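My entries follow in the order I made them.

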Amino acid sequence: MGVARKRSRALAVEEEKQEKGRRGRKGVKKPKDEVEEVKEEEVGEINYEERRKLNIARNQEILSSLMIQKEHSALQVLKTQEGPRRFEKKQRSAPGESLPLRRSTRGKPQEGSSSSEHKAAEPPAETTEPKSVEEIDIRQVDNCLAASVTSDDLAAFHERVRHGGDVRRVSHSDGRSHHKRLKSLALSGEEAVSPLHPPARVKVVKERIFSLAFHPGEKALVVAGDKWGQIGFLDVGSDTAASSWSERVFVFRPHIRPVSSLLHSADGTRMWSCSYDGTVRCLNYDRGSFVCVFDSDVLLTDLSMSCDQKTMLCSTSDGDLFLLDPSGCKSKEPLSVLDVHERKVSSVHFHPSDPHLFVTASNDQTVRLWDQRKIVRSKPLSSLGHTLGVTSAFFSPCGSGKVVTTCNDNYIRIWDTKRGDQVVKVKHNNETGRYITNFRALWDPKSSDTIVVGSMNKNLDIIAADGAYVASISDERCTAIPAVNAVHPSLDLIASGNGSGYVNIWHC
């Protein structure tokens with residue numbers, strides 16, 4: 001009992017001392033600059049609001065001692081001073097030893113099974129087939145891939161393409177009257193082979209169509225390039241008798257990779273083609289042969305010729321433009337190399353009346369206007385930014401300076417290059433995916449107010465230069481997406497190509 005009393009008395013004395021100490025501290029004033037920490041013993045004496053203010057003051061002092069706010073302000077200043085985003089061009093790697101391709105065993109015949117029952121798999125996208133630059137004569141039966149074609153058929157075809165008809169210059173018609181005619185576009189329901197009733201659907205090349213063009217003559221001739229280097233000709237305007245439209249198809253293979261562009265001369269005597277295999281070939285219709293005029297190790301994406309027919313530009317996957325000699329002299333080196341973009345140049349197009357101006361579109365999300373005489377340090381005359389990669393950009397045929405662009409952000413833009421800030425945006429589904437060729441909105445050469453583009457709904461969309469939809473043309477005979485299109489320069493004909501090598505001919 002005595003020990004317990006002593007302990008309780010000692011505790012009481014200790015508590016009394018602590019109470020006196022607390023009372024003494026309350027009377028002492030602390031400096032204003034010193035921030036007091038909130039301790040557990042003062043919980044009962046300081047209310048919640050005062051504790052919150054003290055904690056805020058303490059945190060502010062800690063932050064100011066670390067100088068975080070000052071660093072944040074400096075970063076904001078640097079951010080506002082930074083220029084627009086610019087892609088860095090990838091350096092081309094030196095050619096090294098090629099590694100063997102790894103191939104899947106799925107689909108191969110099993111041991112003991114009959115090889116005749118095995119269906120050959122589709123060849124890989126990266127073909128190992130050697131590239132040939134030899135001349136290809138379109139009059140030789142061995143060079144034609146179309147079935148049941150004789151030497152007489154090829155001779156008659158060559159004679160027809162030599163005289164493709166006069167090239168008429170059509171004045172740019174009024175937009176309203178031209179739109180009224182285009183609304184009546186349809187696919188022919190006639191089975192008979194006649195130039196008055198173009199084919200609704202005919203197989204022209206074996207694989208997916210990458211490029212499409214009309215011969216500029218009055219006798220309609222459609223040219224299509226496919227995924228594996230084939231170039232097919234569909235002779236729509238011929239008067240010779242035929243039992244089916246397939247007899248009017250003639251196919252050759254001047255390339256081994258996708259034919260990315262087809263370009264005719266203004267008089268229709270020559271046609272150039274470029275390919276992912278790095279070659280440019282020229283078909284002289286009088287001579288009747290494909291001749292390799294340029295050979296490189298770079299993927300070639302598009303071709304364009306100046307209005308005076310003196311300058312040819314070829315775009316590449318490296319962001320460059322090759323200046324080529326359009327006369328047809330074979331060369332492995334371009335006349336000049338223009339560095340215009342940081343990524344793949346998807347299209348290049350000359351101004352219809354100024355031989356020095358051209359426009360380029362690229363995967364670096366820009367469309368740029370250039371003057372061939374003033375390309376210094378890769379600085380364009382003007383530029384239009386996009387939010388995703390741009391698949392094409394084309395000048396209006398009337399020389400107004402308007403450019404129509406197609407972008408993967410699901411917009412078609414009409415850009416007035418003479419008024420750089422004036423842009424019309426048109427909502428359009430451009431998500432073609434991997435197995436459909438990219439959409440490329442193009443102008444109708446017969447009108448200054450008409451734009452033609454394919455649709456994911458298997459329609460053909462007609463858009464005015466002010467962004468208004470004129471018509472969305474459909475037909476039950478068009479059974480696939482018309483991804484690639486070409487408009488005849490003088491006739492009311494539009495050709496559409498799809499992913500299976502078929503071509504539809506729309507006519508009024």
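This is a predicted model: local features need pLDDT of at least 70, side-chain atom pairs count only at pLDDT 80 or more; totals for chains, interfaces and linings use all residues.

Arg368 and Asp364 are both buried. I looked up their contact and found a salt bridge, with 3.8 Å between the closest N and O atoms.

I then checked Arg368 for another partner. Arg368 also forms a salt bridge with Glu342, where the closest N and O atoms are 3.2 Å apart. Arg368 sits in strand β18 (residues 366–371) and Glu342 in the loop between β15 (336–339) and β16 (345–350), so this pair ties together parts 26 residues apart in sequence. I recorded Glu342 as buried, like Arg368.

I next counted salt bridges across the structure and got 16. One of them joins the side chains of Asp295 and Lys131, at 2.8 Å from N to O. Asp295 belongs to strand β11 and Lys131 to the loop between α3 (68–81) and β1 (136–137), so the pair ties together parts that are 164 residues apart in sequence. Are the two partners buried or partly exposed? Asp295 has a relative accessible area of 15% and is therefore buried. Lys131, at 34%, is partly exposed. I also noted a network of salt bridges that links Glu159, Arg162 and Asp286.

I turned to the aromatic rings. The structure has seven aromatic pairs. In the pair of Phe157 and Phe250 the ring centres are 4.3 Å apart and the planes are at 20°, so I logged the pair as stacked. Phe157 lies in helix α4 (residues 151–162) and Phe250 in strand β7 (residues 249–252), so the contact ties together parts 93 residues apart in sequence. Both Phe157 and Phe250 are buried.

Phe252 and Phe290 make a tilted pair, 6.4 Å centre to centre with 55° between the planes. Phe252 is in strand β7 and Phe290 in strand β11 (residues 289–295), which are distant parts of the chain, 38 residues apart. I found Phe252 and Phe290 buried as well.

I looked for charges over rings. Arg201 lies over the face of Tyr502, 3.8 Å from the ring centre. Lys425 lies over the face of Tyr411, 4.3 Å from the ring centre.

I found one cavity of 30 Å³ or more, and the largest cavity holds about 70 Å³. Its lining includes Arg160, His163, Lys219, Leu221 and Asp235. By class I counted three nonpolar, four polar and three charged residues in that lining.

Conventions: Residues are numbered from 1 along each chain as its sequence is written. Side-chain values use heavy atoms; hydrogens and water are left out. On a 1 Å grid over the protein atoms alone, a cavity is a set of points where a 1.4 Å probe fits but cannot get out, and a pocket is an open set with protein on both sides within 12 Å along at least five of seven lines; lining residues have an atom within 4 Å of a point. Grid points are joined across faces, edges and corners, and a volume is the space filled by probe spheres set on the points. Ala, Val, Leu, Ile, Met, Phe, Trp, Tyr, Cys and Pro count as nonpolar, Asp, Glu, Lys and Arg as charged, and the others, Gly among them, as polar. Rings of Phe, Tyr and Trp (its six-membered ring) pair if their centres lie within 6.5 Å; planes under 30 degrees apart count as stacked, over 60 as edge-to-face and the rest as tilted. Helices (H or I, at least four residues) and strands (E, at least two) are DSSP runs, numbered from the N terminus. Buried means under 20% relative accessible area, exposed over 50%, partly exposed in between (1.4 Å probe, protein chains only). A charge sits over a ring if NZ of Lys or CZ of Arg is within 6 Å of the ring centre and within 35 degrees of the ring normal. A salt bridge is a side-chain nitrogen of Lys or Arg within 4 Å of a carboxyl oxygen of Asp or Glu.
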